[in-house]
Amino acid sequence: MSQAATELIRISGHAGTVPGAGLNREFQVCKLVDTTTCIGCKACEVACLEWNGYTFSETTFNNSYQTMPETAWNYWNLIKFNEHEREDGTLMLLMRKDQCMHCEDPGCLAACPAEAAIVQYANGIVDFQEANCIGCGYCMTGCPFNIPKFSPKARKVFKCTLCNDRVSVGLEPACIKACPTGCLHFGTKKEMKELAETRAEQLREHSGYREAGVYDPPGVGGTHVIYVLHDAKNPELYGGLPKNPQVPLMVRLWKHPLKWIGNFGIIFGVVGVFIHYLRYGPKVVEGDEDKGHGAKP
Amino acid sequence: MQESRRDFFKAATVGMVGATVFGFDLKPAYAQLKELKIARAAETRSTCPYCAVGCGVLIYTIGDRAKNVTPQVIHVEGDPDHPTNRGTLCPKGSSLEQDMLNPRRLTKPQVRRPGATEWQDISWDDALNEIARWTKKTRDETFVEKDANGHTVNRCEGISFIGGCTDTNEFNYLVVKAMRGLGLVYLENQARV
(Lines give C-alpha, C1' and ligand atoms only; values in the text may rest on other atoms or scores of the structure.)
Protein backbone atom coordinates (compact mmCIF):
# COMPACT_ATOMS: atom_id res chain seq x y z
CA MET A 1 0.00 0.00 0.00
CA SER A 2 1.39 3.33 -0.96
CA GLN A 3 1.18 6.85 0.23
CA ALA A 4 -1.59 7.29 -2.33
CA ALA A 5 -4.18 6.03 0.14
CA THR A 6 -4.37 9.31 2.03
CA GLU A 7 -4.77 11.15 -1.24
CA LEU A 8 -8.00 9.38 -2.15
CA ILE A 9 -11.16 11.43 -2.14
CA ARG A 10 -13.50 8.98 -3.89
CA ILE A 11 -13.52 5.17 -4.05
CA SER A 12 -15.85 3.12 -6.22
CA GLY A 13 -18.17 0.52 -4.67
CA HIS A 14 -16.89 1.46 -1.24
CA ALA A 15 -19.14 1.56 1.82
CA GLY A 16 -17.52 3.50 4.60
CA THR A 17 -14.94 6.19 5.06
CA VAL A 18 -12.54 7.40 2.39
CA PRO A 19 -9.01 7.91 3.74
CA GLY A 20 -8.28 11.29 2.16
CA ALA A 21 -11.72 12.88 2.06
CA GLY A 22 -11.48 16.40 3.38
CA LEU A 23 -7.96 15.90 4.71
CA ASN A 24 -5.79 16.83 1.82
CA ARG A 25 -4.82 20.26 0.66
CA GLU A 26 -3.15 19.06 -2.53
CA PHE A 27 -3.70 21.33 -5.53
CA GLN A 28 -5.89 20.21 -8.39
CA VAL A 29 -4.05 19.44 -11.60
CA CYS A 30 -5.43 20.22 -15.04
CA LYS A 31 -4.58 19.77 -18.69
CA LEU A 32 -5.48 22.59 -21.06
CA VAL A 33 -5.90 21.73 -24.74
CA ASP A 34 -5.95 24.78 -27.00
CA THR A 35 -7.59 23.35 -30.12
CA THR A 36 -6.87 26.57 -32.00
CA THR A 37 -3.12 25.97 -32.04
CA CYS A 38 -3.16 22.20 -32.49
CA ILE A 39 -1.64 21.14 -35.83
CA GLY A 40 -2.68 17.49 -35.57
CA CYS A 41 0.89 16.18 -35.52
CA LYS A 42 -0.02 13.38 -33.08
CA ALA A 43 3.15 13.73 -31.01
CA CYS A 44 0.91 13.38 -27.96
CA GLU A 45 -0.44 10.08 -29.26
CA VAL A 46 3.04 8.67 -29.75
CA ALA A 47 4.35 10.03 -26.45
CA CYS A 48 1.39 8.45 -24.66
CA LEU A 49 2.01 5.05 -26.23
CA GLU A 50 5.69 5.26 -25.56
CA TRP A 51 5.36 6.22 -21.91
CA ASN A 52 2.69 3.64 -21.16
CA GLY A 53 4.55 0.96 -23.07
CA TYR A 54 1.79 -0.06 -25.43
CA THR A 55 2.55 -1.37 -28.87
CA PHE A 56 1.59 0.60 -31.93
CA SER A 57 -1.88 -0.56 -32.94
CA GLU A 58 -3.17 -1.14 -36.43
CA THR A 59 -4.41 2.14 -37.88
CA THR A 60 -7.50 2.62 -40.02
CA PHE A 61 -8.17 5.02 -42.87
CA ASN A 62 -11.47 6.79 -43.11
CA ASN A 63 -10.76 9.73 -45.43
CA SER A 64 -9.20 11.79 -42.67
CA TYR A 65 -5.96 12.04 -40.77
CA GLN A 66 -7.44 10.33 -37.75
CA THR A 67 -5.47 7.29 -36.56
CA MET A 68 -8.54 5.22 -35.65
CA PRO A 69 -12.27 5.86 -35.11
CA GLU A 70 -12.04 6.14 -31.32
CA THR A 71 -9.66 5.56 -28.44
CA ALA A 72 -8.87 1.94 -27.59
CA TRP A 73 -7.94 0.10 -24.39
CA ASN A 74 -4.29 0.41 -25.40
CA TYR A 75 -4.61 3.74 -27.24
CA TRP A 76 -5.68 6.33 -24.69
CA ASN A 77 -5.00 9.50 -26.59
CA LEU A 78 -6.42 10.23 -30.03
CA ILE A 79 -6.60 13.39 -32.10
CA LYS A 80 -10.07 13.64 -33.59
CA PHE A 81 -10.17 15.40 -36.97
CA ASN A 82 -13.19 17.03 -38.50
CA GLU A 83 -13.39 18.94 -41.76
CA HIS A 84 -16.02 21.54 -41.00
CA GLU A 85 -17.64 23.70 -43.66
CA ARG A 86 -18.57 27.10 -42.30
CA GLU A 87 -21.58 29.14 -43.35
CA ASP A 88 -19.52 31.24 -45.76
CA GLY A 89 -18.36 28.09 -47.55
CA THR A 90 -14.81 28.10 -46.19
CA LEU A 91 -13.34 25.01 -44.62
CA MET A 92 -11.89 24.53 -41.18
CA LEU A 93 -9.90 21.47 -40.14
CA LEU A 94 -10.82 21.04 -36.50
CA MET A 95 -8.56 18.93 -34.33
CA ARG A 96 -9.15 17.88 -30.78
CA LYS A 97 -7.09 15.69 -28.51
CA ASP A 98 -9.51 13.11 -27.15
CA GLN A 99 -8.68 11.37 -23.87
CA CYS A 100 -10.11 10.84 -20.41
CA MET A 101 -11.50 14.13 -19.11
CA HIS A 102 -10.90 13.29 -15.44
CA CYS A 103 -14.29 14.66 -14.35
CA GLU A 104 -14.72 16.18 -10.94
CA ASP A 105 -17.84 14.04 -10.56
CA PRO A 106 -16.89 10.94 -12.56
CA GLY A 107 -19.67 8.84 -14.07
CA CYS A 108 -17.39 5.81 -14.36
CA LEU A 109 -16.69 5.88 -10.63
CA ALA A 110 -20.37 6.30 -9.81
CA ALA A 111 -21.30 3.31 -11.96
CA CYS A 112 -18.49 1.01 -10.78
CA PRO A 113 -19.64 -1.80 -8.47
CA ALA A 114 -16.16 -3.19 -7.67
CA GLU A 115 -14.57 -1.87 -4.52
CA ALA A 116 -11.68 0.49 -5.27
CA ALA A 117 -11.50 -0.39 -8.96
CA ILE A 118 -11.88 3.32 -9.71
CA VAL A 119 -10.51 5.96 -7.38
CA GLN A 120 -10.18 9.71 -7.44
CA TYR A 121 -7.11 11.33 -5.96
CA ALA A 122 -7.13 14.66 -4.18
CA ASN A 123 -5.35 16.25 -7.15
CA GLY A 124 -8.36 15.40 -9.34
CA ILE A 125 -6.99 12.39 -11.25
CA VAL A 126 -9.50 9.59 -11.78
CA ASP A 127 -7.58 6.35 -11.88
CA PHE A 128 -8.53 2.77 -12.69
CA GLN A 129 -7.04 0.09 -10.44
CA GLU A 130 -6.95 -2.86 -12.81
CA ALA A 131 -6.11 -5.24 -9.94
CA ASN A 132 -9.57 -4.61 -8.49
CA CYS A 133 -11.44 -4.36 -11.80
CA ILE A 134 -13.95 -7.16 -12.41
CA GLY A 135 -14.41 -6.28 -16.08
CA CYS A 136 -18.17 -5.69 -15.88
CA GLY A 137 -17.95 -2.64 -18.13
CA TYR A 138 -20.42 -0.52 -16.15
CA CYS A 139 -17.93 2.36 -16.23
CA MET A 140 -18.34 2.40 -20.02
CA THR A 141 -22.06 3.01 -19.51
CA GLY A 142 -21.42 5.67 -16.90
CA CYS A 143 -18.93 7.71 -18.95
CA PRO A 144 -20.49 10.51 -21.02
CA PHE A 145 -17.34 10.81 -23.13
CA ASN A 146 -17.02 7.15 -24.25
CA ILE A 147 -13.53 6.78 -22.79
CA PRO A 148 -13.12 3.54 -20.77
CA LYS A 149 -12.39 0.65 -23.11
CA PHE A 150 -12.57 -3.07 -22.44
CA SER A 151 -9.61 -5.29 -23.19
CA PRO A 152 -10.83 -8.72 -24.33
CA LYS A 153 -7.47 -10.25 -23.44
CA ALA A 154 -7.16 -8.90 -19.91
CA ARG A 155 -10.95 -8.90 -19.34
CA LYS A 156 -10.53 -5.53 -17.69
CA VAL A 157 -11.14 -1.91 -18.57
CA PHE A 158 -8.38 0.61 -19.25
CA LYS A 159 -8.12 4.35 -19.80
CA CYS A 160 -5.82 7.37 -19.53
CA THR A 161 -4.29 7.73 -16.06
CA LEU A 162 -3.27 11.37 -16.58
CA CYS A 163 0.20 9.84 -16.11
CA ASN A 164 -0.33 9.67 -12.35
CA ASP A 165 3.04 7.96 -12.03
CA ARG A 166 4.68 11.08 -13.48
CA VAL A 167 2.40 13.60 -11.79
CA SER A 168 2.90 12.00 -8.37
CA VAL A 169 6.64 12.69 -8.53
CA GLY A 170 6.16 16.22 -9.84
CA LEU A 171 6.50 15.66 -13.58
CA GLU A 172 4.04 16.68 -16.29
CA PRO A 173 2.10 14.04 -18.28
CA ALA A 174 3.89 12.58 -21.31
CA CYS A 175 1.50 14.08 -23.87
CA ILE A 176 1.89 17.58 -22.44
CA LYS A 177 5.66 17.37 -22.51
CA ALA A 178 5.81 16.27 -26.14
CA CYS A 179 3.46 18.85 -27.72
CA PRO A 180 5.70 20.84 -30.11
CA THR A 181 3.29 23.72 -30.79
CA GLY A 182 2.60 24.32 -27.14
CA CYS A 183 -1.13 23.85 -27.54
CA LEU A 184 -1.11 21.54 -24.53
CA HIS A 185 -0.59 23.08 -21.13
CA PHE A 186 -0.41 21.59 -17.67
CA GLY A 187 -0.74 23.19 -14.28
CA THR A 188 -3.19 23.79 -11.50
CA LYS A 189 -6.85 23.92 -12.39
CA LYS A 190 -7.00 27.57 -11.37
CA GLU A 191 -4.05 28.62 -13.52
CA MET A 192 -5.25 26.63 -16.52
CA LYS A 193 -8.73 28.12 -16.22
CA GLU A 194 -7.23 31.62 -16.26
CA LEU A 195 -4.95 30.83 -19.16
CA ALA A 196 -7.87 29.36 -21.11
CA GLU A 197 -10.05 32.40 -20.48
CA THR A 198 -7.25 34.72 -21.57
CA ARG A 199 -6.77 32.76 -24.76
CA ALA A 200 -10.50 32.64 -25.50
CA GLU A 201 -10.74 36.39 -25.03
CA GLN A 202 -7.79 36.87 -27.36
CA LEU A 203 -9.54 34.76 -29.99
CA ARG A 204 -12.80 36.68 -29.59
CA GLU A 205 -11.22 40.10 -29.78
CA HIS A 206 -8.33 39.70 -32.18
CA SER A 207 -8.92 36.63 -34.32
CA GLY A 208 -12.56 37.00 -35.30
CA TYR A 209 -13.78 33.88 -33.51
CA ARG A 210 -16.72 35.52 -31.76
CA GLU A 211 -17.96 32.29 -30.24
CA ALA A 212 -14.57 31.23 -28.89
CA GLY A 213 -14.74 29.92 -25.36
CA VAL A 214 -13.63 27.44 -22.75
CA TYR A 215 -15.05 23.93 -22.42
CA ASP A 216 -15.25 22.90 -18.77
CA PRO A 217 -18.66 21.20 -18.58
CA PRO A 218 -20.54 21.81 -15.30
CA GLY A 219 -22.73 18.71 -15.89
CA VAL A 220 -19.94 16.49 -14.54
CA GLY A 221 -18.75 19.03 -11.98
CA GLY A 222 -16.06 20.42 -14.28
CA THR A 223 -13.20 18.40 -15.73
CA HIS A 224 -9.46 18.19 -15.22
CA VAL A 225 -8.95 18.42 -18.97
CA ILE A 226 -10.31 21.66 -20.40
CA TYR A 227 -10.46 22.90 -23.98
CA VAL A 228 -10.29 26.24 -25.73
CA LEU A 229 -12.61 25.99 -28.75
CA HIS A 230 -13.08 28.36 -31.72
CA ASP A 231 -16.80 27.76 -31.39
CA ALA A 232 -17.74 26.93 -27.83
CA LYS A 233 -21.43 26.89 -28.77
CA ASN A 234 -20.96 23.79 -30.95
CA PRO A 235 -18.53 21.44 -29.22
CA GLU A 236 -20.04 18.53 -31.19
CA LEU A 237 -18.03 19.71 -34.20
CA TYR A 238 -14.84 18.65 -32.43
CA GLY A 239 -15.19 14.91 -32.94
CA GLY A 240 -18.43 14.65 -30.99
CA LEU A 241 -17.59 16.46 -27.78
CA PRO A 242 -20.92 16.43 -25.89
CA LYS A 243 -22.51 19.85 -25.37
CA ASN A 244 -23.74 19.17 -21.88
CA PRO A 245 -22.28 15.89 -20.66
CA GLN A 246 -24.15 14.27 -17.79
CA VAL A 247 -23.70 11.08 -15.87
CA PRO A 248 -26.56 8.96 -17.30
CA LEU A 249 -29.78 9.21 -15.28
CA MET A 250 -30.04 5.44 -14.99
CA VAL A 251 -26.60 5.26 -13.36
CA ARG A 252 -27.57 8.00 -10.91
CA LEU A 253 -30.91 6.36 -10.05
CA TRP A 254 -29.48 2.91 -9.83
CA LYS A 255 -26.47 3.80 -7.70
CA HIS A 256 -28.34 6.06 -5.27
CA PRO A 257 -32.12 5.77 -4.67
CA LEU A 258 -32.66 2.36 -6.29
CA LYS A 259 -29.72 0.87 -4.47
CA TRP A 260 -31.08 1.94 -1.09
CA ILE A 261 -34.65 0.96 -1.94
CA GLY A 262 -33.36 -2.44 -3.02
CA ASN A 263 -31.30 -2.86 0.15
CA PHE A 264 -34.26 -1.91 2.33
CA GLY A 265 -36.45 -4.26 0.31
CA ILE A 266 -34.13 -7.18 0.96
CA ILE A 267 -33.69 -6.44 4.68
CA PHE A 268 -37.38 -5.79 5.34
CA GLY A 269 -38.27 -8.86 3.29
CA VAL A 270 -36.11 -11.06 5.52
CA VAL A 271 -37.35 -9.35 8.69
CA GLY A 272 -40.95 -9.63 7.44
CA VAL A 273 -40.62 -13.35 6.78
CA PHE A 274 -39.22 -13.85 10.26
CA ILE A 275 -42.02 -11.85 11.92
CA HIS A 276 -44.59 -13.70 9.83
CA TYR A 277 -43.14 -16.98 11.01
CA LEU A 278 -43.27 -15.88 14.67
CA ARG A 279 -46.83 -14.59 14.36
CA TYR A 280 -48.43 -17.29 12.21
CA GLY A 281 -46.05 -20.21 12.43
CA PRO A 282 -45.32 -22.58 9.52
CA LYS A 283 -47.79 -22.87 6.68
CA VAL A 284 -50.21 -25.77 7.03
CA VAL A 285 -52.21 -26.94 4.03
CA GLU A 286 -55.69 -27.96 5.10
CA GLY A 287 -56.47 -31.62 4.72
CA ASP A 288 -52.80 -32.52 4.36
CA GLU A 289 -52.67 -34.34 7.65
CA ASP A 290 -55.82 -36.28 6.92
CA LYS A 291 -54.45 -37.49 3.60
CA GLY A 292 -51.18 -38.38 5.19
CA HIS A 293 -52.91 -40.41 7.77
CA GLY A 294 -55.35 -41.78 5.23
CA ALA A 295 -52.60 -43.45 3.26
CA LYS A 296 -51.81 -45.56 6.25
CA PRO A 297 -54.55 -47.87 7.19
CA MET B 1 -20.85 -26.52 27.78
CA GLN B 2 -19.83 -29.19 25.31
CA GLU B 3 -20.39 -28.01 21.72
CA SER B 4 -21.73 -30.57 19.33
CA ARG B 5 -20.59 -30.86 15.73
CA ARG B 6 -23.98 -29.55 14.62
CA ASP B 7 -23.66 -26.45 16.85
CA PHE B 8 -20.27 -25.72 15.41
CA PHE B 9 -21.57 -25.81 11.82
CA LYS B 10 -24.51 -23.62 12.78
CA ALA B 11 -22.25 -21.00 14.35
CA ALA B 12 -19.84 -21.07 11.41
CA THR B 13 -22.65 -20.64 8.89
CA VAL B 14 -24.22 -17.76 10.79
CA GLY B 15 -20.81 -16.12 11.10
CA MET B 16 -20.05 -16.43 7.41
CA VAL B 17 -23.44 -15.13 6.35
CA GLY B 18 -23.04 -12.25 8.78
CA ALA B 19 -19.58 -11.42 7.48
CA THR B 20 -20.81 -11.43 3.90
CA VAL B 21 -23.91 -9.33 4.64
CA PHE B 22 -22.13 -6.74 6.74
CA GLY B 23 -19.14 -6.50 4.41
CA PHE B 24 -16.33 -7.82 6.54
CA ASP B 25 -13.13 -7.71 4.53
CA LEU B 26 -9.55 -7.78 5.79
CA LYS B 27 -8.09 -6.34 2.59
CA PRO B 28 -7.67 -2.55 2.71
CA ALA B 29 -9.46 -0.97 -0.21
CA TYR B 30 -6.75 1.44 -1.22
CA ALA B 31 -5.23 2.41 -4.49
CA GLN B 32 -1.75 1.57 -5.65
CA LEU B 33 -0.05 4.27 -7.68
CA LYS B 34 1.95 3.13 -10.64
CA GLU B 35 5.67 3.64 -9.99
CA LEU B 36 7.71 5.99 -12.14
CA LYS B 37 9.51 3.66 -14.52
CA ILE B 38 12.47 6.01 -14.99
CA ALA B 39 12.89 6.97 -11.33
CA ARG B 40 16.53 5.85 -10.94
CA ALA B 41 17.34 5.01 -14.54
CA ALA B 42 20.51 6.40 -16.09
CA GLU B 43 19.78 9.57 -18.04
CA THR B 44 21.86 10.35 -21.13
CA ARG B 45 21.66 13.53 -23.19
CA SER B 46 21.56 13.14 -26.92
CA THR B 47 20.31 14.75 -30.12
CA CYS B 48 17.39 13.51 -32.15
CA PRO B 49 18.80 12.05 -35.39
CA TYR B 50 15.87 12.89 -37.62
CA CYS B 51 15.60 16.39 -39.08
CA ALA B 52 17.73 19.49 -39.21
CA VAL B 53 16.04 21.05 -36.17
CA GLY B 54 18.24 18.92 -33.92
CA CYS B 55 16.08 18.57 -30.82
CA GLY B 56 17.70 17.51 -27.57
CA VAL B 57 16.52 14.21 -26.14
CA LEU B 58 17.00 12.36 -22.88
CA ILE B 59 17.61 8.63 -23.24
CA TYR B 60 16.82 6.53 -20.17
CA THR B 61 18.53 3.17 -19.74
CA ILE B 62 18.15 0.58 -17.01
CA GLY B 63 20.70 0.55 -14.23
CA ASP B 64 22.74 3.40 -12.76
CA ARG B 65 25.75 2.91 -15.07
CA ALA B 66 27.21 0.32 -12.71
CA LYS B 67 29.88 -1.82 -14.29
CA ASN B 68 27.92 -5.06 -14.30
CA VAL B 69 24.81 -3.71 -16.01
CA THR B 70 24.23 -4.00 -19.74
CA PRO B 71 22.24 -0.87 -20.52
CA GLN B 72 18.91 -1.21 -22.27
CA VAL B 73 16.87 1.76 -23.44
CA ILE B 74 13.56 2.00 -21.61
CA HIS B 75 12.37 5.47 -22.50
CA VAL B 76 13.21 8.52 -24.59
CA GLU B 77 11.79 11.97 -24.10
CA GLY B 78 12.59 15.60 -24.86
CA ASP B 79 15.33 17.46 -23.02
CA PRO B 80 13.79 20.43 -21.20
CA ASP B 81 17.20 22.15 -20.94
CA HIS B 82 17.81 22.07 -24.69
CA PRO B 83 17.31 25.52 -26.23
CA THR B 84 15.83 24.17 -29.47
CA ASN B 85 12.91 22.16 -28.22
CA ARG B 86 12.75 22.78 -24.46
CA GLY B 87 11.41 19.31 -23.78
CA THR B 88 9.02 18.98 -26.69
CA LEU B 89 9.32 16.45 -29.50
CA CYS B 90 7.45 15.78 -32.72
CA PRO B 91 5.75 12.41 -33.31
CA LYS B 92 8.85 10.97 -34.96
CA GLY B 93 11.07 12.16 -32.13
CA SER B 94 8.59 10.86 -29.60
CA SER B 95 8.90 7.40 -31.10
CA LEU B 96 12.72 7.37 -30.88
CA GLU B 97 12.67 4.48 -28.44
CA GLN B 98 11.52 2.37 -31.38
CA ASP B 99 14.77 3.20 -33.21
CA MET B 100 16.48 0.96 -30.67
CA LEU B 101 13.78 -1.50 -29.70
CA ASN B 102 11.60 -2.20 -32.70
CA PRO B 103 12.04 -5.85 -33.72
CA ARG B 104 11.28 -4.89 -37.33
CA ARG B 105 14.26 -2.58 -37.74
CA LEU B 106 16.86 -3.70 -40.29
CA THR B 107 20.20 -4.72 -38.87
CA LYS B 108 21.89 -6.06 -42.00
CA PRO B 109 21.99 -5.16 -45.71
CA GLN B 110 19.40 -6.61 -48.03
CA VAL B 111 18.98 -6.61 -51.80
CA ARG B 112 15.99 -6.83 -54.10
CA ARG B 113 17.03 -8.07 -57.55
CA PRO B 114 15.43 -6.62 -60.69
CA GLY B 115 11.98 -8.16 -61.13
CA ALA B 116 12.05 -9.87 -57.76
CA THR B 117 9.37 -9.32 -55.14
CA GLU B 118 11.34 -10.51 -52.11
CA TRP B 119 14.29 -8.97 -50.32
CA GLN B 120 17.26 -11.25 -49.71
CA ASP B 121 20.09 -10.92 -47.22
CA ILE B 122 23.49 -10.01 -48.59
CA SER B 123 26.85 -9.65 -46.88
CA TRP B 124 28.43 -6.22 -46.52
CA ASP B 125 31.32 -7.23 -48.79
CA ASP B 126 29.06 -8.46 -51.56
CA ALA B 127 26.82 -5.44 -51.22
CA LEU B 128 29.70 -2.97 -51.53
CA ASN B 129 31.24 -4.84 -54.43
CA GLU B 130 27.95 -4.89 -56.25
CA ILE B 131 27.31 -1.18 -55.65
CA ALA B 132 30.78 -0.38 -56.98
CA ARG B 133 30.28 -2.52 -60.08
CA TRP B 134 26.89 -1.03 -60.94
CA THR B 135 28.10 2.48 -60.27
CA LYS B 136 31.06 2.04 -62.59
CA LYS B 137 28.90 0.47 -65.33
CA THR B 138 26.19 3.15 -65.18
CA ARG B 139 28.70 5.98 -64.99
CA ASP B 140 30.64 4.69 -67.99
CA GLU B 141 27.41 4.40 -70.00
CA THR B 142 25.87 7.76 -69.12
CA PHE B 143 28.86 10.08 -68.65
CA VAL B 144 28.54 13.33 -70.61
CA GLU B 145 31.83 15.08 -71.41
CA LYS B 146 30.50 17.87 -73.62
CA ASP B 147 26.96 19.22 -73.96
CA ALA B 148 25.18 20.06 -77.24
CA ASN B 149 26.96 23.42 -77.48
CA GLY B 150 30.36 21.84 -77.11
CA HIS B 151 30.96 23.07 -73.55
CA THR B 152 32.88 20.73 -71.32
CA VAL B 153 30.50 19.58 -68.55
CA ASN B 154 31.90 16.21 -67.34
CA ARG B 155 28.74 15.07 -65.67
CA CYS B 156 27.01 11.76 -64.94
CA GLU B 157 23.26 12.01 -65.54
CA GLY B 158 22.44 8.35 -65.02
CA ILE B 159 22.81 8.29 -61.23
CA SER B 160 21.25 10.33 -58.51
CA PHE B 161 21.87 10.29 -54.79
CA ILE B 162 19.36 10.76 -52.01
CA GLY B 163 20.39 11.30 -48.41
CA GLY B 164 18.30 10.75 -45.33
CA CYS B 165 17.40 13.13 -42.56
CA THR B 166 19.29 11.01 -40.06
CA ASP B 167 22.58 11.67 -41.84
CA THR B 168 25.18 13.65 -39.94
CA ASN B 169 27.07 16.69 -41.21
CA GLU B 170 30.26 14.68 -41.53
CA PHE B 171 28.52 11.97 -43.55
CA ASN B 172 26.92 14.56 -45.83
CA TYR B 173 30.29 16.24 -46.43
CA LEU B 174 31.82 12.94 -47.51
CA VAL B 175 28.82 12.08 -49.65
CA VAL B 176 28.95 15.36 -51.52
CA LYS B 177 32.69 15.03 -52.07
CA ALA B 178 32.38 11.48 -53.37
CA MET B 179 29.32 12.08 -55.52
CA ARG B 180 30.63 15.27 -57.10
CA GLY B 181 33.82 13.32 -57.78
CA LEU B 182 31.75 10.88 -59.83
CA GLY B 183 30.16 13.80 -61.67
CA LEU B 184 26.69 13.47 -60.14
CA VAL B 185 24.38 16.46 -60.39
CA TYR B 186 21.25 15.07 -58.70
CA LEU B 187 21.96 15.30 -55.00
CA GLU B 188 18.86 15.44 -52.88
CA ASN B 189 17.88 14.99 -49.30
CA GLN B 190 14.77 13.35 -48.03
CA ALA B 191 14.45 15.96 -45.27
CA ARG B 192 13.68 18.58 -47.92
CA VAL B 193 10.54 16.93 -49.24
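Predicted model: local features only at pLDDT ≥ 70, side-chain atom pairs only at ≥ 80, totals over all residues.
**Whole complex.** Start with everything displayed. The predictor assigns the complex an ipTM of 0.82 and a pTM of 0.78. Colour chain B by confidence: its pLDDT averages 88, and 92% of its residues score at least 70.

**Domains of chain A.** Select residues 3-247 of chain A, which the domain assignment calls domain 1, and then 256-295, which is domain 2. Their centres, taken over C-alpha atoms, are separated by 52 Å.

**Domains of chain B.** Next select residues 42-101 of chain B for domain 1 and 110-192 for domain 2. In chain B the C-alpha centres of the two domains lie 33 Å apart.

**The contact between the chains.** Now show both chains where they touch. Chain A contributes 31 residues to the contact, and chain B contributes 20 residues. On the chain A side, select strand S1 (8-11), helix H1 (43-52), helix H4 (164-167) and helix H5 (174-178); each supplies at least two residues of the side that touches chain B. H1(A) provides the largest share of that side, with four residues. Colour the chain A side by residue type, and it divides into 18 nonpolar, six polar and seven charged residues.

**Helix H6 of chain A.** Leave the contact and select residues 189-206 of chain A, which form helix H6. How far apart are the end C-alpha atoms of this helix? They are 25 Å apart, which agrees with the 26 Å that its 18 residues should span at 1.5 Å a residue.

Within H6(A), show the side chains of the buried residues: A:Lys189, A:Met192, A:Ala196, A:Ala200 and A:Leu203. In general, an α-helix has 3.6 residues a turn, so residues three or four places apart point the same way.

Then turn the helix over. The face of H6(A) turned away from the buried side carries the exposed residues A:Lys190, A:Thr198, A:Glu205 and A:His206.

**Last stop.** Finish by selecting A:Gly208, which follows H6(A). The phi of A:Gly208 is positive, near 80 degrees.

Terms used. Residues numbered from 1 in each chain as written. Chains lettered and ligands numbered in written order. Domains from an automatic or database assignment. Contact = placed C-beta atoms within 7 Å. Nonpolar A, V, L, I, M, F, W, Y, C, P; charged D, E, K, R; others polar. pLDDT = per-residue confidence, 0-100. Expected span 1.5 Å × (residues − 1). Buried ≥ 20, exposed ≤ 12 C-beta atoms within 10 Å, placed from the backbone.
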